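My entries follow the display.

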Amino acid sequence: MDYRLSGTKQEPYFAAKACYESFNLGEQLPPNFISKIVPTREELVSLYKFISQFTSITYDNLFMRVGNNMNYCKMRLCIDIFNEVGLVENNPVSKTVSVTKVTAR
């Protein structure tokens, strides 16, 4: 199912989605994009706490809930960071993310 909350501006959403895909392909991004996509520690903590409220949530559904606070590219990079350190399970096929059980810090 593909849906967006009313009032969501599509252009920034699709631009940030394209930026994420370009970044993953190793393409050169304009320097002014970097400051817009690198998450701060506070953003990482906030997003992780939000994700931990759900058993599993799709990327788009997550973005529709946090999109006022960060762009899609930054959100996906946060998910990639969480996945890399083992805090979440990222399923690119179903486009979902879920929190893993953390046993140690």
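**Entry 1: the sheet**

I began with strand E1 (residues 57-58) and strand E3 (residues 96-99), which pair in the antiparallel sense over 2 bridges. I take helices (H or I, at least four residues) and strands (E, at least two) as DSSP runs, numbered from the N terminus. Two strands pair if DSSP finds at least two bridges between them. The model is predicted: local features need pLDDT of at least 70, side-chain atom pairs count only at pLDDT 80 or more, and totals for chains, interfaces and linings use all residues. Residues are numbered from 1 along each chain as its sequence is written, and side-chain values use heavy atoms, with hydrogens and water left out.

Which residue of E3 is the bridge partner of Ile57? I found Val97. I then looked up strand E2 (residues 88-91), which pairs with E3 in the antiparallel sense over 4 bridges. Here Val97 of E3 is the bridge partner of Asn90.

Together these make an open sheet of 3 strands in the order E1-E3-E2, with antiparallel pairing. E1 and E2 stand at the edges with a single partner strand each, so one side of each lacks a neighbour in the sheet.

Buried means under 20% relative accessible area, exposed over 50%, and partly exposed in between (1.4 Å probe, protein chains only). In a regular strand the side chains alternate between the two faces of the sheet.

**Entry 2: the hairpin**

I went to the loop between E2 and E3, where Lys95 is found. The hairpin has 4 residues between the strands. Lys95 has a positive phi of about 55° although it is not a glycine. Most residues other than glycine have a negative phi.

**Entry 3: H4 and H5**

At what angle do helix H4 (residues 59-66) and helix H5 (residues 72-84) pack? I read an angle of about 120°, with the axes 10 Å apart. Axes are lines fitted to C-alpha atoms, for helices over the stretch in contact, and angles run from 0 to 180 degrees between N-to-C directions. H4 and H5 are therefore oblique to each other. Angles under 35 degrees count as roughly parallel, over 145 as roughly antiparallel, 65 to 115 as roughly perpendicular and the rest as oblique.

I listed the residues that make the contact. H4 gives Tyr59, Asp60, Leu62, Phe63 and Val66, and H5 gives Tyr72, Met75, Arg76 and Ile79. Contact means heavy atoms within 4.5 Å. By class, the contact of H4 with H5 has 7 nonpolar, no polar and 2 charged residues. Ala, Val, Leu, Ile, Met, Phe, Trp, Tyr, Cys and Pro count as nonpolar, Asp, Glu, Lys and Arg as charged, and the others, Gly among them, as polar.

Which residues of H4 are buried? They are Tyr59, Leu62, Phe63, Met64 and Val66. These buried residues pack against helix H1 (10-24), helix H3 (41-51), E1, H5, E2 and E3. I also noted that H5 lies across E2 and E3, running at about 120° to E2.

I looked up Ser22 in helix H1. Ser22 counts as buried because its relative accessibility is 18%. Leaving aside neighbours within four places in sequence, Ser22 is in contact with Glu27 and Leu29.

Pro12 is also found in helix H1. At 48% relative accessibility, Pro12 counts as partly exposed. Pro12 and Tyr72 are 60 residues apart in sequence and 8.5 Å apart in space, C-alpha to C-alpha.

**Entry 4: the whole chain**

I finished with the totals. The protein chain has 5 helices and 3 strands. From the N terminus on, the elements run α-α-α-β-α-α-β-β. Of its 105 residues, 31% count as buried. Residues 24 or more positions apart account for 56% of the contacts with a separation of 6 or more.
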